[in-house]
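This briefing goes through one structure topic by topic. Please keep the sequence and the model at hand while reading.

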Protein chains: 2
Amino acid sequence: MLKKERHDSIMRQINLHNRVLTSDLVQLLSVSEDTIRRDLQELAERDQLYKVHGGALSKSYQSSFDDSTVYAKDAKIIIAKKAISLIKDGMVILTGGGTTIIEMVKQLPENLHATFFTISPFVAIELANYPRVEVILIGGLFSKNSQVTYGGHVINQLSEINPDLCLLGTSALHPDDGLTDTDWEINQLKKTMLNCSKKTAVLCISEKLGISLRLKVAPITNIQYLITELPANDPQLDDYQIKSLQIL
Amino acid sequence: MLKKERHDSIMRQINLHNRVLTSDLVQLLSVSEDTIRRDLQELAERDQLYKVHGGALSKSYQSSFDDSTVYAKDAKIIIAKKAISLIKDGMVILTGGGTTIIEMVKQLPENLHATFFTISPFVAIELANYPRVEVILIGGLFSKNSQVTYGGHVINQLSEINPDLCLLGTSALHPDDGLTDTDWEINQLKKTMLNCSKKTAVLCISEKLGISLRLKVAPITNIQYLITELPANDPQLDDYQIKSLQIL
DNA sequence: CGGCTTTATGCGTGTTTGTGCGGTATTGTG
DNA sequence: CACAATACCGCACAAACACGCATAAAGCCG
């Protein structure tokens with residue numbers, strides 16, 4: 001087995017399970033521990049995973065929990081500013097949840113006049129600070145993990161609205177595989193959000209670029225705007241330079 | 001389980017609950033007490049949490065500690081304890097918003113198995129900490145003042161459910177005028193909540209007793225339980241000693 | 001081809017890390 | 001003060017790791 005094949009296999013395992021144990025990989029790939037260790041080290045140097053004693057963890061898993069405190073906050077504020085440039089007075093906007101979106105909401109101009117639909121209670125609470133914004137919280141089952149409402153009831157209600165713009169946080173974005181996720185229900189939800197909206201903007205910190213998870217939400221051609229903290233001409237974004245996608 | 005995963009798991013617990021007990025974590029993560037203690041120590045050294053005898057507290061506990069600025073908190077905790085005595089495993093419960101209700105939710109037994117409908121995002125977020133509780137957030141317009149959802153859409157959805165118990169915070173309760181309020185929409189909302197439920201409990205700190213506001217929600221005979229921080233035989237409650245109303 | 005370097009891998013040895021256990025000290029509470 | 005719960009300390013041990021070295025395959029070049 002070639003080194004590259006092994007690396008791919010390891011990355012697949014990681015994206016699938018969010019974690020790998022060195023000992024499991026030894027068995028799976030039938031090579032020595034040292035080899036696996038060297039593999040993980042290399043991949044870690046390339047920032048493709050996060051190495052820990054005993055194995056490795058997915059980067060996206062990583063940042064979804066404790067990082068949201070300080071680490072990526074600056075990046076998220078940059079993203080927020082860019083996203084806000086898409087929002088005009090009088091628009092009807094649908095948002096998902098996640099720290100990136102909440103950061104954006106906090107940066108909105110004081111006197112914005114708009115209508116927001118959201119599936120995230122946190123977003124609703126933040127939006128309540130804006131006197132001229134109408135907030136509609138879409139109700140349904142409340143997800144303990146994602147802290148958004150989900151399930152059939154939410155999907156039904158989404159099918160009754162047609163917002164001008166949908167703002168989505170992301171688990172992963174890949175040039176070929178598009179938008180992907182790990183949770184089936186959230187996956188359905190994102191699909192519906194995307195379909196019911198006239199346009200969709202994806203807010204995505206750069207370290208989630210190039211990653212592909214188990215479940216496919218939508219091809220990249222279904223998205224109109226990609227917002228990252230990088231400048232639009234950054235080489236990391238080269239793979240996303242296609243006609244239908246505007247990069248901010 | 002990798003150490004880092006354990007740390008993430010602990011941090012998630014803390015961010016949700018604002019506190020963790022060492023003994024709970026031992027069970028949850030199936031490792032020895034020493035290991036948990038070392039974990040907490042490490043996280044404390046990294047300033048990710050605040051270690052105390054018996055467990056740890058969220059660093060931002062101060063922010064939720066500022067709900068010590070919540071008025072009459074001690075009284076509300078007493079009320080909470082009494083209200084919980086009404087809740088049995090398997091019940092379907094509808095709650096309103098307000099600090100009293102939120103305080104109650106925080107005091108719920110760890111392993112409660114129940115279904116909660118709520119119009120308050122805050123309540124939903126708190127309830128999400130309980131693994132065996134199903135949370136349904138009723139969606140609709142989001143009120144900037146009361147921080148609950150309201151309006152026709154909420155009323156419609158309420159008419160489709162029939163919970164065993166409705167828990168209501170109160171603006172005012174009067175022996176003759178019953179439950180009253182000042183806001184027209186919230187008034188409609190409370191009426192509907194009361195009507196759709198099999199039984200209703202009113203959570204009310206004593207100083208709101210004997211007050212009557214502009215808009216009438218319901219006569220006192222429509223309420224089954226009155227919960228205050230006072231003992232049931234307190235003279236202040238004499239006026240409420242009627243057959244249909246049980247005072248806790 | 002033969003000699004040379006480069007790259008990838010495995011093995012042996014000593015080190016570090018993570019975890020549990022037993023015993024003892026400390027803390028909180030009635 | 002007594003008692004239980006919790007914390008701390010040192011030790012033991014296995015698992016994971018780092019490093020140097022040996023080996024072998026692959027690549028390169030005159």
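In this predicted model, an N or O atom in the side chain of Asp34(A) is 3.1 Å from a base nitrogen of DNA strand D. That is a polar contact, meaning a pair of N or O atoms within 3.5 Å; within protein, one must be able to donate a hydrogen and the other to accept it, and residues adjacent in sequence count only if both atoms are side-chain atoms. Local features need pLDDT of at least 70 and side-chain atom pairs pLDDT 80 or more, while totals for chains, interfaces and linings use all residues. Side-chain values use heavy atoms, without hydrogens and water, residues are numbered from 1 along each chain as its sequence is written, and chains are lettered from A and ligands numbered from 1 in the order in which they are written.

**DNA strand D**

- Helix 3 and strand 2 (50–52) of chain A, with helix 3 and strand 2 (49–52) of chain B, are the elements that give two or more residues to the surface near DNA strand D; helices (H or I, at least four residues) and strands (E, at least two) are DSSP runs, numbered from the N terminus.
- Around DNA strand D there are 17 residues, of which Asp34(A), Arg37(A), Gly54(A), Arg37(B) and Gly54(B) come nearest; a residue is near a strand if one of its heavy atoms lies within 4 Å of it.
- Of the atoms of DNA strand D that come within 4 Å of the protein, 83% belong to sugar and phosphate.
- The surface near DNA strand D has two nonpolar, nine polar and six charged residues, where Ala, Val, Leu, Ile, Met, Phe, Trp, Tyr, Cys and Pro count as nonpolar, Asp, Glu, Lys and Arg as charged, and the others, Gly among them, as polar.

**DNA strand C**

- The side chain of Thr35(B) places an N or O atom 2.3 Å from a phosphate oxygen of DNA strand C.
- Helix 1 (3–17) and helix 3 (33–45) of chain A, and helix 1 (3–17) and helix 3 (33–45) of chain B, each give two or more residues to the surface near DNA strand C.
- Among the 17 residues around DNA strand C, those that come nearest are Arg6(A), Thr35(A), Arg6(B), Thr35(B) and Arg38(B).
- Sugar or phosphate makes up 58% of the atoms of DNA strand C within 4 Å of the protein, and bases make up the rest.
- Three nonpolar, six polar and eight charged residues form the surface near DNA strand C.

**Domains and buried parts**

- Chain A is assigned domain 1 (3–57) and domain 2 (68–247), with bounds from an automatic or database domain assignment.
- The C-alpha centres of these two domains of chain A are 31 Å apart.
- Helix 6 (residues 99–106) of chain A is largely enclosed by the rest of the structure, because six of its eight residues are buried; buried means under 20% relative accessible area (1.4 Å probe, protein chains only).
- The buried residues of this helix of chain A are Thr100(A), Ile101(A), Ile102(A), Glu103(A), Met104(A) and Val105(A).
- Thr118(B), in strand 5 (residues 114–118) of chain B, is buried at a relative accessible area of 0%.
- A polar side-chain atom of Thr118(B) is 3.1 Å from the backbone nitrogen of Ser120(B).

Definitions and conventions: Buried means under 20% relative accessible area, exposed over 50%, partly exposed in between (1.4 Å probe, protein chains only).
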